[in-house]
Amino acid sequence: MKTNKDTDLREALRRRYANTPSLPTDFTERLRERMDTKPAASHRRHWWGWMSAAAACLLIAIGVGVYYEFNKAPHSIAKLSAPDNKTECTQLSNRGAPIRQSGRTNQAIGAHRLSNRGAPTKPSGRTNRAIGAHQSSNRARSTEISDTLGNGIWRSERNVAIAIQMLSECEETILREEQEMRNHIIQATFNATPQPANVVLVTNEAGDYEVIETKTIIEI
Amino acid sequence: MKTDKQIVDAVMSDQRKGQDLMVGRYGLEVFGMVVRLVGDVMDAEELTQDTFLRAFRCMDSYDPQRASLGTWLCRIAYRLTLDFMKRRRPLLVSIEDSEVWQTDINDEQLEAELSTGNEERISRLEELIDQLPPDERLLLMLHYFEERPLDECSFIMDASPHALANRLYRIRKKLHKQLQKT
């Protein structure tokens, strides 16, 4: 090491630090006092610090987990059930024929209630809501399925898709069978009773039988 | 005169006697370094005590192959002092680094500039040293005042000798730049 290097700097340092105060005379005694008292206290504080930090992290993790658990499921359902809902709305809007409420509906799908009850020309309030507002129908349907199958059903998107598909198929089958039965009764009644000459049995747009009276033919 | 190994053995076997021996041998060296850094005797005493308390607790981790006992204690003291100073107030930075690197001067020129013997420049340097951040001040102190080799400084400050040599060059450039300004 060169001692003749940077002499100004060395001199400045020497002047600045030459008069260093000496170690206090009671230094060893005070050190001894601290040795007898400090280690245990500092160790305890250290331990508690880590424990409280770990507890805080755990609480945050649980909080985040719960938040996601409660927010994730409804969001994914809304996305998933959107295409199915369109199909359902189309089906509902096509139903013009009078259909009576069937006990089999409830038997087949439990608490899930179909919305197409009432007169053919006046769909029920629930049908209107289903056609008009897709979002509210989604929510209502989700709630009904949750009530029937429990909240756990929403944890798997595949389960939800299968459940919605099954409901749609059940609904379709029931409607078709009811229509066939009703048409059969109308036709049998029509054939069994004497009818005026201007009365005929026809099928309307929805596929239901209707008895109509024809107008007088104007002869030219 | 007992060697470092004997002192360490004394601390390990007969705690109280060994500890007294160690404090008696290295107390002033550690205290001197700390008090020059913090500038306050009470704080320096507290930090020196912390240094010895930690050293007694971690005596097992001392490796005589790597450094002398005094250097090892200085290393502990340096870390504790830096932590203390960070808690107490933000580190001072006297000159921007960009300004320093813009100065185009080689090592020989710098050496000549800092070796004039001019009384006014020496006084000004004293003031400038006080404005340096603690780690830079310590490096100057260890290397120029206590005449410790860079290897020893690197152990105390936990940096490579090459990095410390670069840092020394930068500090000198910084001081030179400030001297030019006045």
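What we have here is a predicted model, where local features need pLDDT of at least 70, side-chain atom pairs count only at pLDDT 80 or more, and totals for chains, interfaces and linings use all residues. Residues are numbered from 1 along each chain as its sequence is written, while chains are lettered from A and ligands numbered from 1 in the order in which they are written.

Helices are DSSP runs of H or I with at least four residues, strands are E runs of at least two, and both are numbered from the N terminus. After helix 2 of chain B comes B:Gly39, with a positive phi near 80 degrees.

Now to the interface. The contact takes 31 residues from chain B and 26 residues from chain A; two residues are in contact if their C-beta atoms, placed from the backbone, lie within 7 Å. On the side of chain B that touches chain A, helix 2 of chain B gives the most, with eight residues. By class, that side of chain B has 17 nonpolar, six polar and eight charged residues. Here Ala, Val, Leu, Ile, Met, Phe, Trp, Tyr, Cys and Pro are nonpolar, Asp, Glu, Lys and Arg are charged, and the others, Gly among them, are polar.

From chain A, have a look at A:Tyr17, which sits in helix 1 (residues 7–17) of chain A. Leaving aside neighbours within four places in sequence, A:Tyr17 is in contact with B:Arg36, B:Met141 and B:Phe145. A:Tyr17 is buried, because 20 other C-beta atoms lie within 10 Å. The cut-offs are 20 or more for buried, 12 or fewer for exposed, and partly exposed in between, with C-beta atoms placed from the backbone.

Over in chain B, helix 9 (residues 150–157) has six of its eight residues buried. What covers them includes helix 4 (69–88), helix 8 and helix 10 of chain B. B:Glu147 lies between helix 8 and helix 9 of chain B, and has a positive phi of about 60 degrees although it is not a glycine. B:Asp158 lies between helix 9 and helix 10 of chain B, with a positive phi near 55 degrees. B:Asp158 counts as exposed, since 9 C-beta neighbours fall inside 10 Å.

Finally, confidence. pLDDT is the predictor's confidence in each residue, from 0 to 100, and chain A has a mean of 68, with 53% of its residues at 70 or more. Within chain A, helix 3 (residues 103–109) is lowest at a mean of 42, and helix 6 (residues 157–192) is highest at 87. Over residues 75–133 of chain A, pLDDT stays under 50. Where pLDDT is low, the predicted coordinates should not be read in detail.
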